[in-house]
Amino acid sequence: METGVLLRSILFHLSFSALPLHFSRSFALSLPVGIHPLDEEHYARELIECKDGSKSFTRDRLNDDFCDCLDGTDEPGTAACPQGKFYCRNMGSTPKFLFSSQVNDQICDCCDGSDENDGTISCPNSCVMGGNSAYQMRSHSSQDNSVSFGRKATRAGINAEDSIQKVKGLKMLVVLQVLIIVIVVGIPLFCRRSRLRRRHSR
């Protein structure tokens, strides 16, 4: 009976000790883009201090496209501060920092596309395909932005079709590898069972 009480006590303490972890994870997921995971606690407060210590700002001024901190602490997801840094998480590939001037410049610098977060361009997530692909959309000088955007959209379509073809090729390769493994393992097993049946039938 003592072990039952001890077991219930342990389970009770474990469930409540895991509760803050659950809330901190769910809160961390709601943080803005461009923040390094080690800085999530810094940005989780209601009153956030500039990293250089010059001043403080409230959460509602975070990523408001106005540079309050000289070091760019208040604008991790925009290009408002020249000294700012943007963090690409690049899940499935190598994370990296970008200069704030590379944020929302219509060039997909992060393989997860998180640096283009203003909705003017859609960057495919190429991280799962092995990292930073050569997929970049450069802004060409053109009098008509719609023509320029049309060219970019066409390029995006071509790159998307290319990616789809690569994924189909990878799927075919995996299917062929599985088939070869089944044949290499299956044929010797089948032959061995056939020999064993012949021996037992004699």
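Asp68 has a relative accessibility of 6% and so counts as buried, the limit for that class being under 20%. The model is predicted, and the values given here are computed from it.

**Salt bridges**

Asp68 pairs with Arg61 in a salt bridge, with N to O at 2.7 Å. Arg61 is partly exposed, at 35% relative accessibility, whereas Asp68 is buried. The structure holds 3 salt bridges.

Another of them brings together the side chains of Asp39 and Lys51, with an N to O distance of 2.6 Å. Asp39 sits in the loop between α1 (2-29) and α2 (40-44), and Lys51 in the loop between β1 (47-49) and β2, so this bridge ties together parts that are 12 residues apart in sequence. Lys51 counts as partly exposed, with 46% relative accessibility.

Arg89 and Glu40 also form a salt bridge, in which the closest N and O atoms are 2.7 Å apart. This pair links distant parts of the chain: Arg89 is in the loop between β3 and β4, Glu40 is in helix α2, and 49 residues separate them. Arg89 is partly exposed, with a relative accessible area of 33%. Glu40, at 17% relative accessibility, counts as buried.

**Disulfides**

A disulfide is a covalent bond between the sulfur atoms of two cysteines. With a cut-off of 2.5 Å between sulfur atoms, the count comes to 5 disulfides. Counting bonded cysteines along the chain, the pattern is 1-3, 2-4, 5-7, 6-9, 8-10. Among these disulfides are the following.

| Disulfide | S to S distance | Torsion about the S-S bond |
|---|---|---|
| Cys67 to Cys81 | 2.1 Å | 120 degrees, right-handed |
| Cys108 to Cys123 | 2.0 Å | -80 degrees, left-handed |
| Cys111 to Cys127 | 2.0 Å | about 95 degrees, right-handed |

The link of Cys67 and Cys81 is right-handed, with 120 degrees about the S-S bond. Cys67 is partly exposed, with a relative accessible area of 27%, whereas Cys81 is buried, with a relative accessible area of 0%.

Cys108 and Cys123 form a left-handed link, with -80 degrees about the S-S bond. Both cysteines are in the loop between β4 (96-99) and α3 (145-201), where they are 15 residues apart. Cys108 and Cys123 are buried.

For Cys111 and Cys127 the torsion is about 95 degrees, so this disulfide is right-handed. Cys111 and Cys127 are also placed in the loop between β4 and α3, and the pair ties together parts that are 16 residues apart in sequence. Cys111 and Cys127 are both buried.

**Surface charge**

Which residues gather in a patch of positive charge on the surface? They are Arg192, Arg195, Arg198, Arg199 and Arg202. Of this group, Arg192 is found in helix α3. Cys191 is partly exposed, at 33% relative accessibility.

Key: Residues numbered from 1 in each chain as written. Predicted model: local features only at pLDDT ≥ 70, side-chain atom pairs only at ≥ 80, totals over all residues. Heavy atoms only, no water. Buried < 20%, exposed > 50% of the residue type's maximum accessible area, 1.4 Å probe, protein only. Helix = DSSP H or I, 4+ residues; strand = E, 2+ residues; numbered from the N terminus. Patch = residues over 30% accessible without salt bridge, like charges linked within 9 Å, V, L, I, M, F, W, Y side chains within 5 Å. Areas by Shrake-Rupley, 256 points an atom, 1.4 Å probe, with all protein chains shown as cover. Salt bridge = Lys/Arg side-chain N within 4 Å of Asp/Glu carboxyl O. Lys, Arg positive; Asp, Glu negative; His and termini not counted. Charge placed at Lys NZ, Arg CZ, Asp CG, Glu CD.
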